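Open the structure in your viewer and keep the selection tool at hand. The tour makes a few stops, and at each one you select a residue and look around it.

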Amino acid sequence: MRPTLPVRALTAGAACLALAALSACDGSTHHADEALGSKAAAVPQPKRQAVDGLPGMPPVLDPSDVYAADRPNKLSPVVKDFPSRIYVPNTNSNTVSVIDPATYRVVETIRVGRQPQHVVPSWDLKTLWVNNDLGNSLTPIDPRTGEAGEPVDVHDPYNLYFTPDGKYAVVMASADHQLVFRDAHTMKTVKALPVGCAGVNHADFSLDGRYFIVSCEFSGELLKVDTARMEVVGHQKLPLRGAMPQDVKMSPDGKRFYVADMVANGLWILDGATFGKPEFLHTGKGAHGLYVSRDSREMYISNRGEGTVSIFDFTRNKLTKKWRLPHGGSPDMGGVSADGKVLWLSGRYNSEVYAIDTRTGRQIARIKVGKGPHGLAVYPQPGRYSLGHTGIFR
């Protein structure tokens, strides 16, 4: 995440030997570029028993697919009339660039606090929170009008998540070495949880919402946190010296967690329930952001260090293709359009944003924004509620 740290690469050959069983390093560039996300929906699988979710959490719609509420254009009544916009926090410009996806142009620039890192949809979908990390504040944006409100004092808000029951915001206080649970509406501190790792930054919640997995980028570690107890219940060091884990995403069936690692140049894959030793899958240099297609078949992996996006097929458990940005770039964080047809990614080191056709991998647009664009949010998106980051919807 922070560009000042050194990056060391793990070779593709070593990664393939480590994960030969996954058959994922077999020359993915030979596959056609068309993504499955453009094809017909998969045949529904028999549903498992109802999930015993975290008390207060909306019921899981489909136990075999945690992303069942995220289908194309399935917008909540709360957001269906919001204008479609791309919100880009420019970390080194202290601004948010607002892009109209219909014209691929910046239509507004909003001044915010110092070093904005991510734009995060609130649990109730009504507010976008700009995480002003060094400004020690959150700037609220009304997505209905696009207007910014008065900043709210929150210390070290590098990233922001929400518990599935909607009660608490979870601040990834990276410099403070804490997970800070706050009231989701007032942002008043409920519990500050010290963590024994450096650089807490990304997370995702289990299918039942009862725990979440957190990445620690500066110490190469992962945490497992009990949601209700607000306690760390698991802690492991990744098996690579210098590992730098980034984005975290769960498989549609809830069985596995994927963790991008920008030093290992790929994904760590682990069972969330057992929190055992992870496997590794090489994707590309500087693996960083993880985004699921609207049909839950594929995951887009932004490889920031080489200007590519790898495509992982959940059903086949392997990489199928790789898209390359023309003239390179630094694809980082972003999201998928409401209709599923466009992947939007910030270009962290190039002061630009990329719009990519998810059917072909073709670059549709490259848009100039401020300096250091980072946690870009596509809004609105389908889903009933938000778990935070740039848009994890259930």
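The stops below follow in order, and the model on screen is a predicted one.

**Stop one: Gly276.** Select Gly276 and find the loop between strand 19 (266-271) and strand 20 (279-282), where this residue sits. Which residues does Gly276 touch, leaving aside neighbours within four places in sequence? They are Gln236, Leu270 and Asp271.

**Stop two: Gln236.** Move to Gln236, in strand 16 (residues 231-237). Gln236 has a relative accessibility of 12%; because the cut-off for buried is under 20%, Gln236 counts as buried. Show its side chain and look for polar atoms. A polar atom there lies 3.2 Å from the backbone oxygen of Gly276. The backbone oxygen of Phe275 is 3.3 Å from a polar atom of the Gln236 side chain. Beyond neighbours within four places in sequence, the contacts of Gln236 include Glu221, Leu222, Lys277 and Pro278.

**Stop three: His389.** Finally, select His389, which is in the segment after strand 29 (377-379). Its relative accessibility is 1%, so His389 counts as buried. Display what surrounds it: with neighbours within four places in sequence left out, His389 is in contact with several residues, among them His118, His202, Asp247 and Met333. Asn159, Leu160 and Tyr161 are also in contact with His389.

Methods. Residues are numbered from 1 along each chain as its sequence is written. This is a predicted model: local features need pLDDT of at least 70, side-chain atom pairs count only at pLDDT 80 or more; totals for chains, interfaces and linings use all residues. Side-chain values use heavy atoms; hydrogens and water are left out. Helices (H or I, at least four residues) and strands (E, at least two) are DSSP runs, numbered from the N terminus. Contact means heavy atoms within 4.5 Å. Buried means under 20% relative accessible area, exposed over 50%, partly exposed in between (1.4 Å probe, protein chains only). A polar contact is a pair of N or O atoms within 3.5 Å; within protein, one must be able to donate a hydrogen and the other to accept it, and residues adjacent in sequence count only if both atoms are side-chain atoms.
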